[in-house]
Amino acid sequence: MNVKHVDSDILIVGGGMAGCGAAYEARFWGKDLKIVIAEKAHIDRSGAVAQGLSAINTYLGYEEGENKVEDFVNYAKGDLMGLVREDINYDVGRHVDPSVRLMEEWGLPIIKDEKTGKYVREGRWQILIHGESYKPIVAEAGRKAASEVVNRAVITHLLMDKNDPNRVAGAIGFDGRDGSLLVFKAKAVVLAAGGGTHIFRPRSVGEGWGRTWYSPWSSGSAYGLEIQAGAKMTQMEVRLIPTRFKDGYGPVGAWFLYLKAYATNRLGERYENNREKLRPLVGDYADAKPMPTCLRNHLMIEELKEGRGPIIMHTDKVLDTPEKVEAGWEDFLDMTISQAGLWASQNHDPATRGYEIMPTEPYIMGSHAVNAGAWVSGPEDVAPKEYQWGYNHMTTVTGLFAAGDAAGGAAHKFSSGSFAEGRIAGKSAVRFVRDHELHVPAFDTATVDKYGEQIFQPLENYKVGRNYITQGTVSPYYLYPSQGLKRLEKIMDEYAGGWTSYYMTNADLLNRGLELLTMLREDLEYLGAEDLHQLTRAWELVHRVWTAEAVVRHTLAREETRWPGYYYRSDFPKVDDKNWKLFLVSRRDPVSGIWTMEKVKYLPMAKPTVPVAPA
Amino acid sequence: MPTYVNPKLCKNNGKCMEICPSDIMFVNKETNFSYNLEPDMCWECFSCVKTCPEHAISVRPYADISPMLSEVTVLRDEKTNRIAWEIKYRDQKTVKKFDFAIRTTPWDSIKVPTGPTLKDPTLNNELLAHEGPHFGTVKGGHR
Ligand SMILES: Cc1cc2nc3c(=O)[nH]c(=O)nc-3n(C[C@H](O)[C@H](O)[C@H](O)COP(=O)(O)OP(=O)(O)OC[C@H]3O[C@@H](n4cnc5c(N)ncnc54)[C@H](O)[C@@H]3O)c2cc1C
Ligand code: SF4
Ligand code: SF4
């Protein structure tokens, strides 16, 4: 086996929005440090922004007097039914505007009002961009800031320090092109490996299986790596169910917010304002303004269940100028080309006819209208001391930082907030490295050898196993990654609240799901990979299964339905503020394999000591 | 729309394989042509299509979801910094064309940031690069 060793001061796992932000910031403060990015695809088009975006969803405009940072915190908190890490949301909020300006300076075309010179708003928090090249632009900055980018580096495990089992010392994985074992040693690691799709069964079928709203290569790796390393996790129960145009998964934000389209049920009723229907389940949250994303979903799901679908978005009522028509199409061409293709394939003209919208399958993410991920230390000045253990955005594993989808707690970060959060983690990692100047990371060679063997085991399983069958995909000796993935999706869909059950689950279903999931995890030992591509799929599946297990355990532990419209516990169908307005924080002990679930008190952020708004 | 490759145009340069975020464009060493080896993990992100210098890659709508005969084609130019789209409908008559900006500065123009040394006390505060003296008080946000 060929082994490549890459030593660095700071290793960044994942060169997406957060990873590139981390590299940029770490280079600014750590002039002479060795900063390495390990990226499983190619940094220029990797991650959720590979095809571009048509909007930056988090821009406060506080210099322009549009929003205060506190407004952003309150907005995120309201949308998540009262549960966000206010300190982290505040931190992201105060750094996001300068981060957007930086991207504009690099060359990202942000649409401006010719008269006022201000960015054109899509909604209160969103601004419009010509974002086809959003990722390659940000990647150029990240790539140049890094000492080295290792593309096609599939990270499978974090490596812990041999003298301290709760301290990170690097990461291990393989080169997806030449098959060598990659061993990264680092003083600090920033984990920015994105969110999780294909944890639940998508609505798409067959050849279209890859058509999910969030990118199919978002493999839950961040969570898989964190959980295996014994980092504490939070909010893993909250899944995102975005409403999207049916089958093409085209986003609806620009249509609702910018073009001001509205949706109706089959009777032509605007069902979405029925707050009284929410009250029995959620109490006063029914009055929240704006209505939380999950509650908007809930009202739509009720319409569908009661047979008043399809839900139609009236694009035809708003495309009354050529500019609006162009804005509508660009929205898709910049970030979900499939939707444009689907409309063309159906001879659909959005200017003359509305189109169906649907709640999708669940996604596990930390950057959208949800906040799953690692439990991280908050910023020194605003985090309550219970949420603070030294370094901003460090997980509960020493030296391991997280940002973007990988970091839990704050919601509504999106692309710009993930990038800003990466910058926060990047600076923090430099501080950590400076403070531990004399520390020499070291790992146990036996552990490296063990992982080295495990990583390539699926190739071996296949090679040996295929001698016992003539041909084809049916074999009792090994499991193909795609077969394991379908099993995972079916379990999660049917037991953990996927779309086929209208997002409904309960303790009995979850316990049964956990049983099946455990057997799936045992079977991962038999994964068979024909080649390096399949080996990548094998490890993506491993990370997804870890993610799924955390989701099920969290969902089981939280005995209430806090986010109706994201998922329902039929045995605890209501919001229960008295017992559950708190964070669930889980940890899997890497040695014993035992999971513990902690209830952590909800604490508001401390008063900032440094002014944000201009005096 | 998973991708497919035109054998008359593919020049075996491996660029699609290098860029595909899903790791599914591969050059077949026997035929010397690239192909999509796992269409059901294609996001239709068009990254490979935009990258192929020979314009050898096309997409056709996911067979298990979409009706046939429509087509979306694209030309992306890093010199003019524009992208041109053409959407042809199933009816073979309706064609929509769009053209957008992709970048306002030349490619490769971003500078590596340089800050203070590790000894500088500003490393201890909560300000990020180019911010300060207070958060967001600098016009233009940075510099
Ligand atoms: C269709 C769509 C529309 C969206 N719309 C908007 C919008 O309009 N506005 C907005 O602001 N945001 C939008 N978003 C959200 C935004 O893209 C995400 O919030 C953001 O990209 C998250 O950043 P991240 O760095 O955490 O993850 P990513 O950008 O996904 O980066 C994760 C990186 O980790 C790498 N990686 C994963 N696993 C491994 C591994 N095992 N080893 C090594 N590397 C690994 C990946 O290849 C990737 O490069 C949209 C997303 C999608 C998909
Ligand atoms: S980029 Fe184009 S020419 Fe090059 S291998 Fe791929 S399809 Fe062939
Ligand atoms: S369209 Fe995207 S996912 Fe599909 S093959 Fe091309 S680069 Fe890969």
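**Entry 1: the end of a helix.** I began with Gly230(A), which comes just after α5(A) and takes a positive phi of about 85°. This is a predicted model, so my notes are on computed coordinates. Helix α5 of chain A spans residues 221-229, and nine of its nine residues are buried.

**Entry 2: a hairpin.** I went looking for another glycine with positive phi and noted Gly593(A), at about 75°, in the turn of the hairpin formed by β18(A) and β19(A). Six residues sit between the two strands. How many bridges join β18 to β19 in chain A? I get seven, with the strands (residues 582-588 and 595-601) running antiparallel. Leu582(A) has Lys601(A) as its bridge partner in β19(A).

**Entry 3: charges over rings.** I looked up two of these. Lys581(A) has its charged end over the ring of Tyr602(A), 4.4 Å from the centre. In chain B, Arg103(B) lies over the face of Trp107(B), and there the ring centre is 4.5 Å away.

**Entry 4: aromatic pairs.** The count over all chains is 33 aromatic pairs. Phe245(A) belongs to strand β10 (residues 243-245) and Trp255(A) to helix α6 (residues 253-258), so the pair ties together parts of chain A that are ten residues apart in sequence.

My other pick was Tyr462(A) with Tyr478(A), which is tilted: 5.1 Å between centres, 55° between planes. Tyr462(A) lies in helix α12 (residues 445-465) and Tyr478(A) in the loop between α12 and α13 (481-495), so this pair ties together parts of chain A that are 16 residues apart in sequence. Tyr462(A) is buried, with 10% relative accessible area, and Tyr478(A) counts as buried at 5%.

I also traced one aromatic cluster that takes in residues of both chains. Phe245(A) and Trp255(A) are in it, together with Trp329(A), Phe332(A), Trp343(A), Tyr355(A), Phe98(B) and Phe100(B).

Entry 5: How many disulfides does a search of the whole structure find? Zero, over all chains. I then looked at where some of the chain B cysteines sit. Cys10(B) is buried, with a relative accessible area of 14%, and Cys45(B) counts as buried at 7%.

Cys10(B) turned up again around ligand 2, where the surrounding residues also include Cys16(B), Cys52(B), Lys11(B), Lys15(B) and Glu54(B). I sorted that shell into five nonpolar, four polar and three charged residues.

Cys45(B) is at ligand 3. That ligand has 14 residues around it, and the closest are Cys20(B), Cys42(B), Cys45(B), Phe46(B) and Cys48(B). The shell divides into ten nonpolar, three polar and one charged. Which chains supply the residues? Both A and B do, so the site around ligand 3 is shared between chains.

Terms used: Residues are numbered from 1 along each chain as its sequence is written. Chains are lettered from A and ligands numbered from 1 in the order in which they are written. This is a predicted model: local features need pLDDT of at least 70, side-chain atom pairs count only at pLDDT 80 or more; totals for chains, interfaces and linings use all residues. Side-chain values use heavy atoms; hydrogens and water are left out. Rings of Phe, Tyr and Trp (its six-membered ring) pair if their centres lie within 6.5 Å; planes under 30 degrees apart count as stacked, over 60 as edge-to-face and the rest as tilted. Helices (H or I, at least four residues) and strands (E, at least two) are DSSP runs, numbered from the N terminus. Buried means under 20% relative accessible area, exposed over 50%, partly exposed in between (1.4 Å probe, protein chains only). A charge sits over a ring if NZ of Lys or CZ of Arg is within 6 Å of the ring centre and within 35 degrees of the ring normal. A disulfide is a pair of cysteine sulfur atoms within 2.5 Å. A residue is near a molecule or strand if one of its heavy atoms lies within 4 Å of it. Ala, Val, Leu, Ile, Met, Phe, Trp, Tyr, Cys and Pro count as nonpolar, Asp, Glu, Lys and Arg as charged, and the others, Gly among them, as polar. Two strands pair if DSSP finds at least two bridges between them.
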